[in-house]
Amino acid sequence: MNTLKKDIFLDGAHIYLRSLDEKDINGNYRYWLNDPEIIQYNSHGRFPVTPEKLIEYVKAVAQSNTALVLAIIDKETDTHIGNISLQSINWIDRNAEIAFLLGERSFWGKGIMETAGRMLISHGFETLNLHRIYCGTSSENMGMQKLAAKLGMTQEGIRHEALYKGNRYFDIVEYGILRK
């Protein structure tokens with residue numbers, strides 16, 4: 001039997017994580033960062049995202065040693081449904097920011113990001129030898145706040161009126177988790 005070999009970096013039960021690739025730009029990824037509903041709680045959407053900008057981004061993160069950006073792939077359909085990353089990796093202080101983007105709406109509310117988050121946090125602590133992983137989210141983003149709690153993160157503080165979106169300022173709630 002001839003099986004097609006897949007570029008699997010981290011493997012889960014229903015998803016796998018692989019490097020972000022230029023071919024992803026030809027799918028729905030190119031539309032996610034311009035979609036008001038998908039980006040409503042983050043800093044995207046201030047400038048239009050074009051295929052050319054995405055190509056530059058994919059090339060840059062492929063060469064980076066301070067960002068690990070991975071595509072989230074649904075195993076059943078082999079579809080790119082989102083991204084997850086460790087970014088701003090600080091090799092001296094041993095910490096990084098985790099970021100989530102679930103672009104395909106049909107996968108919302110199914111625990112995909114909890115699974116992907118557990119996989120990447122484990123990789124960050126066990127393989128990259130990080131000591132702390134953190135994230136921040138809009139005070140309005142209850143889904144991300146619940147996800148942070150499910151991932152074992154604790155609320156560390158609030159940056160008041162730190163995000164400007166839709167003619168309003170929002171607080172950013174900060175979360176973190178330490179390696180045990």
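Reply: Eight strands make an open sheet with mixed pairing, in the order S1-S2-S3-S4-S5-S6-S8-S7. The edge strands, each pairing on one side only, are S1 (10-11) and S7 (154-165). Strands here are DSSP E runs of at least two residues and helices are H or I runs of at least four, numbered from the N terminus; two strands pair if DSSP finds at least two bridges between them.

Me: What sort of model, and what are the ground rules?

Reply: This is a predicted model, where local features need pLDDT of at least 70 and side-chain atom pairs count only at pLDDT 80 or more, while totals for chains, interfaces and linings use all residues. Residues are numbered from 1 along each chain as its sequence is written, and side-chain values use heavy atoms, with hydrogens and water left out.

Me: How many bridges between S3 and S4, and in which sense do they pair?

Reply: Seven bridges, antiparallel, between S3 (residues 68-74) and S4 (residues 79-90). Leucine 70 has isoleucine 84 in S4 as its bridge partner.

Me: What about the turn there?

Reply: S3 and S4 form a hairpin with four residues between them, and aspartate 78 in that turn has a positive phi of about 55°.

Me: And how is S4 joined to S5?

Reply: S4 and S5 (residues 95-102) run antiparallel and are joined by seven bridges. Asparagine 90 is bridged to asparagine 95 in S5. This is a hairpin with four residues between the strands, and arginine 94 in the turn has a positive phi of about 60°.

Me: Other end of the sheet: what does S7 do with S8?

Reply: S7 pairs antiparallel with S8 (residues 168-178) over eight bridges. The bridge partner of tyrosine 164 in S8 is tyrosine 169.

Me: Switching to H3. Is glycine 124 buried or exposed?

Reply: Glycine 124, in helix H3 (residues 112-126), counts as buried because its relative accessibility is 0%. Buried means under 20% relative accessible area, exposed over 50%, and partly exposed in between, with a 1.4 Å probe and protein chains only.

Me: What is glycine 124 in contact with?

Reply: Leaving aside neighbours within four places in sequence, Leu86, Asn129, Leu130 and Ile133; contact means heavy atoms within 4.5 Å. The C-alpha atoms of glycine 124 and leucine 86 are separated by 7.8 Å, with the two residues 38 apart along the chain.
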